[in-house]
Amino acid sequence: MNHITIEAKGLTKKFGDKTVVNKIDLEIYKGECFGLLGPNGAGKSTTLRMMYGISHIQQGELFVLGMNAKTHARDVKTRIGVVPQNDGLDVDFSVLDNLLVYASYFQINFGTALERARHLLRIMKLDDVWQSPVEQLSGGMKRRLTIARSMINQPDLLFLDEPTTGLDPQARAFIWDLLRKFKADEKTLVLTTHYMEEAEQLCDRIGIMDRGSIIALGTPAELILRHAGKQVLEIGLKPEDIPYFSRKLTQDQYEFLPLENKIMLFLKDTNKPEKIMNIIPSQEIVFRPASLNDVFLRLAGYDLKD
């Protein structure tokens, strides 16, 4: 039986007349990595902020680690770690002191805090710069220090809001490995990301949000099969020709997504690519396995959203 780490019922958040999080029902289980995906403005970060206790819960119920997040917010915060979008490191302190000062917020005694900090700096490959001012660190180093800071209290639950945005592929892969090791200790991860590859690599289950609601929920494989099928056919076209061929595909009841300069077709087992290529003549054709990125585009839409 799965142990529930986070349980939300009717979770709602409004800013003025705008509903940012709309009656979310969600269960996140111990030992899993749960990804919350969606376009900008979908409500992901607001949902996370309610879960880790810095945004007021207006409506609904939220339990985190078995505690009511409304009435036991302080107790919840002692058992979680948070990696926000912005590092928020203190530039007045050295690398080591950033960890020690943060540990003091949890009333961790100095000896224990120093031992944990040194251990985390070794894991994060920051032990050579422990005396350096934060401003001298690269972007990847700052991100690793922020993750180390989130682990100083040895949390059972770790929230990560776009943890690898702006990092190069090598730094991103390093952080992925760190997070896998954290999860291997039966810890729970909740993350938001705009990198679909990251979500496929790390997440056991994914919830896709749009306009404050969760519009799809499942494992990456389930979501891909359910919403994009097994194969995708990309056909490059001139933008002015896309409406004409879209009408033809609609008449023949194909599942497709028109983009700026191509059409993406989500093929069922009964669809024959050769027949479609006869309908739409093009020299730019890609036939490939479906991916989570296809699911995201299909469900959350292609148009940019603020």
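Predicted model: local features only at pLDDT ≥ 70, side-chain atom pairs only at ≥ 80, totals over all residues.
The buried residues of H1 are Lys-44, Ser-45, Thr-46, Thr-47, Leu-48, Met-50 and Met-51. Just after the helix comes Gly-53, which takes a positive phi of about 90°.

What does H1 lie across? Helix H1, residues 44-51, lies across strands E3, E7, E8 and E9, and runs at about 150° to E7. Helix H6, residues 169-184, lies across E3, E7 and E8, running at about 145° to E8.

### The sheet

These strands belong to an open sheet of 6 strands with mixed pairing, in the order E6-E7-E8-E3-E9-E10. At its edges are strand E6 (80-83) and strand E10 (213-218), each of which pairs on one side only. On average, neighbouring strands of this sheet are turned by 15° against each other, direction ignored.

| Strand pair | Sense | Bridges |
|---|---|---|
| E7 and E8 | parallel | 5 bridges |
| E9 and E10 | antiparallel | 5 bridges |

In the pairing of E7 (residues 157-161) with E8 (residues 188-192), you can find Leu-158 opposite Leu-189 of E8. For E9 and E10, which run antiparallel, a handy landmark is Met-209, whose bridge partner in E10 is Ile-214. The hairpin of E9 and E10 has 2 residues between the strands, and in this hairpin Arg-211 takes a positive phi near 55°.

### Two helices packed together

How are H3 and H5 placed against each other? Helix H3 (residues 95-105) packs on helix H5 (residues 139-150) at an angle of about 25°, and their axes are 9 Å apart. The two helices are therefore roughly parallel to each other. Their crossing is right-handed.

To see this contact on your screen, pick out Val-95, Asn-98, Leu-99 and Tyr-102 in H3, which meet Leu-145, Ala-148 and Arg-149 in H5. By class, the contact has 5 nonpolar, 1 polar and 1 charged residues.

### Leu-297 and the whole protein

Is Leu-297 buried or exposed? Leu-297, which lies in helix H11 (residues 292-300), has a relative accessible area of 15%. Because the cut-off for buried is under 20% relative accessible area, Leu-297 counts as buried. Leu-297 and Asn-261 are 36 residues apart in sequence, and in space they are 15 Å apart, C-alpha to C-alpha.

Stepping back, the protein has 11 helices and 14 strands. Its C-alpha trace spans about 70 × 45 × 40 Å along the principal axes. Of the 306 residues in the protein, 50% are buried. Among contacts between residues at least 6 apart in sequence, 69% join residues at least 24 apart.

Methods: Residues numbered from 1 in each chain as written. Heavy atoms only, no water. Axes fitted to C-alpha atoms, helices over the stretch in contact; angles between N-to-C directions. Helix = DSSP H or I, 4+ residues; strand = E, 2+ residues; numbered from the N terminus. Parallel < 35°, antiparallel > 145°, perpendicular 65-115°, else oblique. Left-handed = near helix turned anticlockwise from the far one by under 90°. Contact = heavy atoms within 4.5 Å. Nonpolar A, V, L, I, M, F, W, Y, C, P; charged D, E, K, R; others polar. Pairing = 2+ DSSP bridges. Buried < 20%, exposed > 50% of the residue type's maximum accessible area, 1.4 Å probe, protein only.
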